[in-house]
Amino acid sequence: MDVGIVGAGKIGATLARKLSAAGHDVLLSNSRGPETIREIATASGAVAKHTEELVRRSQVVIVSVPFSELPRLKPAFSGIDESVAVIDTSNYFPFRDGALEGLADSRTESHWVSAQLGRPVLKAWNSILAGSLAEKGLPGGAHARIALPVAGDGAEGKAIAMMLVDATGFDPIDAGSLDESWRQEPGNPAYCTDLRTGDLELALKQADRKIAIRKRDLVADKVFAARDQYTDEDILDLGRRIYSLTADDPELNP
Ligand SMILES: NC(=O)c1ccc[n+]([C@@H]2O[C@H](COP(=O)([O-])OP(=O)(O)OC[C@H]3O[C@@H](n4cnc5c(N)ncnc54)[C@H](OP(=O)(O)O)[C@@H]3O)[C@@H](O)[C@H]2O)c1
C-alpha cells in the first residue's frame with residue numbers, strides 16, 4: 001500500500017522502517033521539511049516529502065506527532081478522499097502537552113484528534129513504548145508475540161490498521177469503536193504493558209476510566225522527574241503495577 005507517515009521521530013521512523021521492510025511504499029514527513037529527514041527516510045526505506053504532498057499521495061496516513069501539534073495538521077488533511085484511512089498514534093500528557101482547547105469536553109483523546117484533523121481517525125500503536133516497538137516485534141504465530149489494540153469506526157479502515165499493526169510485528173486486537181478508545185489511553189492496564197493477546201483483551205475489559213487519569217499522572221510524575229534513572233523495562237514494570245491498582249489503593253489516595 002501507499003503509506004504516508006507524518007512525524008519522523010521515535011515512533012514514526014520506526015513504523016517507516018518496519019512497513020517498508022514489509023513491502024509497503026512509505027512516504028515520511030516532519031515539520032521542518034523533507035531535506036531535514038532525507039537520511040532518516042533513506043535508512044528506513046521511505047521517501048521524504050512535505051506533509052501536504054504525502055497526505056495527497058497516500059492510501060493510508062499514520063499521524064505520529066506530539067499531541068499539541070495536531071491542530072496544525074488540519075490544512076493538509078482538507079479535501080483528501082474519504083477512503084483514505086487515518087491512523088493516530090498520539091497520547092496526551094498534560095504536563096508535556098499543556099492545556100488544549102476542547103479536549104476536556106471530548107469523549108476521548110481520539111475524538112479530539114479527529115476534530116483537529118477534520119476527519120475520522122483510528123487509534124493504534126499509541127500503547128507501546130518506542131523501544132518495544134523497535135525491538136520486540138515478532139513474526140505472526142510466535143508464542144511471545146505482543147498484542148496491540150486498534151480502535152476506531154468503519155470496517156475498512158479498521159481492517160487496514162489491523163493489517164499494518166500485524167506487519168509491524170504485533171498481534172492486532174480489535175478494541176472496538178472510537179468511543180471505546182479510552183481503554184487504551186495512558187493510565188489503563190492495556191497502555192504500554194507489552195501484553196500478549198489474551199492478557200490484552202482482559203486488560204481492555206478491566207480499564208477503569210474513573211481512576212485512569214490518577215494512574216497516568218502517578219506514573220508520569222515518577223518517570224519524568226527522573227527519566228535517566230528509568231530504563232524502558234523499569235517503565236514497563238511500573239506501568240504494569242500502577243495501572244492494575246484498584247481505586248481504594250493507598251498509593252492512589254495519598
Ligand atoms: N515515544 C514513545 O514511546 C511513544 C509511544 C507511543 C505513542 N507515542 C506518541 O506518538 C507520537 C509521536 O511520538 P514520538 O516519541 O515519535 O515523538 P518525537 O520523537 O518527538 O517525534 C515527533 C515527530 O513529529 C514531527 N512533527 C512535529 N510537529 C509536526 C508538524 N506540525 N507537522 C509534521 N511533523 C511534525 C517532528 O518533526 P520535527 O522535528 O521536524 O518537528 C518529529 O519528526 C506522540 O503523540 C506520542 O505521544 C510515543
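Predicted model: local features only at pLDDT ≥ 70, side-chain atom pairs only at ≥ 80, totals over all residues.
Student: Which residues are closest to the ligand?

Tutor: A residue is near a molecule if one of its heavy atoms lies within 4 Å of it. Here 26 residues surround the ligand, and the closest are Ala 8, Ile 11, Ser 31, Arg 32 and Val 65. By class, this shell has 11 nonpolar, 10 polar and five charged residues. Ala, Val, Leu, Ile, Met, Phe, Trp, Tyr, Cys and Pro count as nonpolar, Asp, Glu, Lys and Arg as charged, and the others, Gly among them, as polar.

Student: Which polar side-chain or backbone atoms lie by oxygen atoms of the ligand?

Tutor: A polar contact is a pair of N or O atoms within 3.5 Å. A polar side-chain atom of Ser 31 is 2.6 Å from a ligand oxygen, and a polar backbone atom of Ile 11 is 2.8 Å from a ligand oxygen. For Thr 89, an N or O atom in the side chain is 3.0 Å from an oxygen atom of the ligand.

Student: Where does the ligand sit?

Tutor: Rolling a probe the size of a water molecule over the atoms shows where empty space is left. On a 1 Å grid over the protein atoms alone, a pocket is an open set with protein on both sides within 12 Å along at least five of seven lines, a cavity is a set of points where a 1.4 Å probe fits but cannot get out, and lining residues have an atom within 4 Å of a point. A molecule sits in a pocket if more than half of its atoms lie within 2 Å of its grid points. The ligand takes the space of the largest pocket, which is lined by 47 residues.

Student: Which element gives the most to that lining?

Tutor: Helices (H or I, at least four residues) and strands (E, at least two) are DSSP runs, numbered from the N terminus. In the largest pocket, α10 gives the most, with five residues. The second largest pocket also takes most from α10, with four residues.

Student: What lines the largest cavity?

Tutor: Its lining includes Ser 127, Ile 146 and Asp 194. Strand β7 (residues 147-150) gives the largest share, three residues.

Terms used: Residues numbered from 1 in each chain as written. Heavy atoms only, no water. Polar contact = N/O pair within 3.5 Å; in protein donor to acceptor, adjacent residues only side chain to side chain.
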